[in-house]
Amino acid sequence: MSADYVEWLRREGRIVIVGASLAGLRAAETLRAEGFAGELTLIGDEPYEPYDRPPLSKSVLLGKASPRHTELPHRRETDAKWRLGVAATGLDLTAKRVRLADGDEVEYDRLLIATGVRARPWPKEDEARLDGVCLLRTRDDASDLCRRLKAGPRRVFVIGAGFAGSEIASACREMGLAVTVAERAGAPLVGALGGVIGAVAADLQTENGVDLRTHVTVTALEGDAVGRVRAVHLSDESVVEADVVVVSLGSQRNTDWLAGSGLGAGPRGVACDAGCRAFDFRGIVTDDVFVAGDVARSPHALFGYQFLSLEHWGNAVAQAETAAHNMICRGAERRPHLWMPAFWSSMFGVNIKSVGVPPMGEQLMITQGSLAERRFVGVYGHQGRVVAAVSFDNTRWLEFYARQIERGAPFPVEFPTMDRRPEGRQPVAADFPDPSLPTHGPTVTLSGYSPADQQLVFHPARH
Amino acid sequence: MRLVVDLNKCQGYAQCAFLAPDVFAMHGEEALIYNPHAPEEQRERLARAVAACPVQAITADGLGGMGETDTQAAREASDVR
Ligand SMILES: Cc1cc2nc3c(=O)[nH]c(=O)nc-3n(C[C@H](O)[C@H](O)[C@H](O)COP(=O)(O)OP(=O)(O)OC[C@H]3O[C@@H](n4cnc5c(N)ncnc54)[C@H](O)[C@@H]3O)c2cc1C
Ligand code: SF4
C-alpha cells in the first residue's frame, strides 16, 4: 500500500464500521486517537448507543443496575456519523459499498466488521414464540427478563448451563426464585472448562438450591391455551412446570449479511489474518476490510496458529484497537493481534476467571488450593506446554500463569507453588466433551489446522 | 455518569467498594458488581474510586476532569446524542 494512499486515507478517507457495540465504539475512538481525520460512520441495528453486555446477566439481574443504563463510557470524542437502528444487509467488495436495510448505501475506503454474535434461539419457532420464552443477549432481552423475574414466577427454567445460563440461575436463586437448569453434557461449564471443573460448578449449583438436570435435552416447550409457556419436556421423559424459560444455548455469528459478498465469512465467523484483515472466500487477504470482536476468527501464534473465535469482552476491546491502528497504517507499522485470551464470570458469589485457551488442554493440574474448597487455580496442558489456567476465587495468581502461557512453560507444572496439595501433584484428564458434539457456549473455539510440532518464543504485543 | 470496569484487570482489592459503596459492591469474596450508571450525587466518590483502583480497571466519563482515562472525555460526554 503506497504511503501516499495512507496519508490521504488518514486525512480525508471514509471509514465505515458495521456493528455499533463494544468493538465498534473502541475502534472508532482508537481511529480518532491515532489521528484519523476523515469521515467516520458507525452502523448498528440496535436503536441504542453502545452498551455493555456482561452486566446484563450479573448486576442487572441482581438489581444493582438498570437494564436501560449500561451504556459504555466514551474514552474520547469520535465525531462520527451514527446510523443506529438500521442493519447492514449486504456488502459489495468491488464497489466498496455497504447496503442498508432502509435501502441506503454507504461507501467506504476502509471497512471494519464488528457485528458480533446473537443468541441462538430455541429451534422450534412456534415454541420459541410462546410468551415467557426468553433469550439474554441484548438490552431489550434483559429488560424483558428482569420484568418477568420481578413478577415472581413460580419456577424459572434455564436451557443450557454455559456461563450465561449459570449466571442467570445464580441470580434467580439470589432473588429466591425456584430454578431448574437443564444441560446436555454431564455438568455446567464443561464446554469452556472441562468436566473436572464442571463438577465443581455442579456442586455450586445444587448447594445453592438449583434443580440441576444433566445428561438431558429439552424435547419440547408446552404452552397453555392463551400462548404462555407452562411446562418443559425433557428427554428423560420428565416434565417440569415453569412460567419463564430462558434459552441459553450459546450464540451464532452475525455473518448472514455478508452472504454472497465474497468474504471468507460463515457460521464460524469472518476469518482474518493476525493483523485483523479479512480473508476472501479463496483465502486471499483483503487490504481494506478488517474484522474485530466476537465475529472474528483469527490465527494466534501462541496456540499453534489455530484460528481462535473468542467471545470475550477483553478480546473485543484489544482486537478493535489493533484493527483500528492497522486500518490507518502502512504495512511495516502494523501490529499483530496477539492478545492473551482472558475471561471472567461470577456466579453464586464465586469469582471465576480464565486465561489462555482451556479447551485446548487435555490435562489439568490443580496447582494451588483445592477443588473441595472451591478456591483454586487449575492449569491446563497440551503437548507438554501450559496453554491455559482457570481460577475460582484466586484471581491474583492468574497474571503469573498468563506469563507461563506466553513462555510456553512446560506441563506438567514442575515449579513449587504456594498452597499445592497432594492431589495437585499429578495431572488428570481435563475431561472436555468430544469436540464434535455440540456444547453450549464454550466461549473459545479452536477452528483451524494445528501444525503439531512447533517451537516459539512469544513476544506479546505492547499497546 | 457512565462507567465500566475491566474485570479481567480487576483483582478484587475492593478499594472502589470501600470508597463508593453505592456504586460498587463485592459479591462473595472476590467478585465485583457495580452500577454502570452512577447517579450524579456519587460524582466525587466515583472519581476517588477511579483514582484509587490499584490496577486502573475503572473507566468513567462525565466526571468533569476527575479521574478520566483521557482528558478529551472531559468534554461534553457523549457525541451520540
Ligand atoms: C449476558 C452476557 C454476559 C457476558 N458476560 C461476559 C463476561 O463475563 N466476560 C466476558 O469476557 N465476556 C462476556 N460477555 C461477552 C461480551 O459481551 C462480548 O464479548 C462483547 O460484547 C463482544 O463485543 P462485539 O462488539 O464484538 O460484539 P457485540 O457486543 O455482539 O456487538 C455487535 C453489534 O453489532 C450489531 N449487528 C449485528 N449484525 C448487524 C448488521 N448486519 N448491521 C448492523 N449491526 C449489526 C449487533 O446488534 C450488536 O449491537 C457477555 C455477553 C453477554 C450477552
Ligand atoms: S479497586 Fe479496582 S481492583 Fe479493586 S475491586 Fe475495584 S475495580 Fe477491582
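These legends describe close-up views of a predicted model with chains A and B.

**View 1. Six strands of chain A form an open sheet.** The strand order is 3-2-1-7-21-20. Pairing in this sheet is mixed. Strand 3 and strand 20 (277-279) of chain A stand at the edges. Each has a single partner strand, so one side of each is left without a neighbour in the sheet. On average, neighbouring strands are turned by 30° against each other, direction ignored.

**View 2. Strand 2 and strand 3 of chain A pair in the parallel sense.** Strand 2 covers residues 39-44. Four bridges link strand 2 to strand 3 of chain A. Look for A:Gly44, which stands opposite A:Leu84 in strand 3 of chain A. In general, the strands of a sheet pair through backbone hydrogen bonds, and the pairing is either parallel or antiparallel.

**View 3. A second open sheet of chain A has three strands, in the order 4-5-6.** Here the pairing is antiparallel. Strand 4 (88-92) and strand 6 (105-107) of chain A stand at the edges. Each edge strand has a single partner, so one side of each is left without a neighbour in the sheet. The twist from one strand to the next averages 25°.

**View 4. Strand 4 and strand 5 of chain A form a hairpin.** Four residues lie between the two strands. In the turn, A:Lys96 has a positive phi of about 55°. The strands pair in the antiparallel sense over four bridges. A:Ala88 stands opposite A:Leu100 in strand 5 of chain A.

**View 5. Strand 5 and strand 6 of chain A run antiparallel.** Strand 5 spans residues 97-100. Three bridges join strand 5 to strand 6 of chain A. Which residue in strand 6 of chain A is the bridge partner of A:Val98? The partner is A:Val106.

**View 6. Chain B has a hairpin made of strand 2 and strand 3.** Strand 2 of chain B covers residues 24-27, and strand 3 of chain B covers residues 31-34. These strands run antiparallel and are joined by four bridges. B:Met26 stands opposite B:Leu32 in strand 3 of chain B. Three residues lie between the strands. One residue in the turn, B:Gly28, has a positive phi of about 80°.

**View 7. Chain A meets chain B.** On one side, 38 residues of chain A are in contact with 39 residues of chain B. The area buried between the chains is about 3200 Å². Carbon and sulfur atoms give 50% of that area.

**View 8. A salt bridge joins A:Arg375 to B:Glu29.** Their closest N and O atoms are 2.8 Å apart. The count between chain A and chain B is two salt bridges. There are also 14 residue pairs in polar contact between these chains, both residues at pLDDT 80 or more.

**View 9. Several elements of chain A supply the side that touches chain B.** Strand 3 (81-84), helix 8 (313-327), strand 24 (342-347) and strand 25 (350-356) of chain A each supply at least two residues. Strand 24 of chain A gives the most, with four residues. The residues on this side of chain A divide into 13 nonpolar, 11 polar and 14 charged.

Conventions
Residues are numbered from 1 along each chain as its sequence is written. Chains are lettered from A and ligands numbered from 1 in the order in which they are written. This is a predicted model: local features need pLDDT of at least 70, side-chain atom pairs count only at pLDDT 80 or more; totals for chains, interfaces and linings use all residues. Side-chain values use heavy atoms; hydrogens and water are left out. Two strands pair if DSSP finds at least two bridges between them. Axes are lines fitted to C-alpha atoms, for helices over the stretch in contact, and angles run from 0 to 180 degrees between N-to-C directions. Contact means heavy atoms within 4.5 Å. Buried area is the accessible area (1.4 Å probe) that two parts lose on being put together, summed over both. A salt bridge is a side-chain nitrogen of Lys or Arg within 4 Å of a carboxyl oxygen of Asp or Glu. A polar contact is a pair of N or O atoms within 3.5 Å; within protein, one must be able to donate a hydrogen and the other to accept it, and residues adjacent in sequence count only if both atoms are side-chain atoms. Ala, Val, Leu, Ile, Met, Phe, Trp, Tyr, Cys and Pro count as nonpolar, Asp, Glu, Lys and Arg as charged, and the others, Gly among them, as polar.
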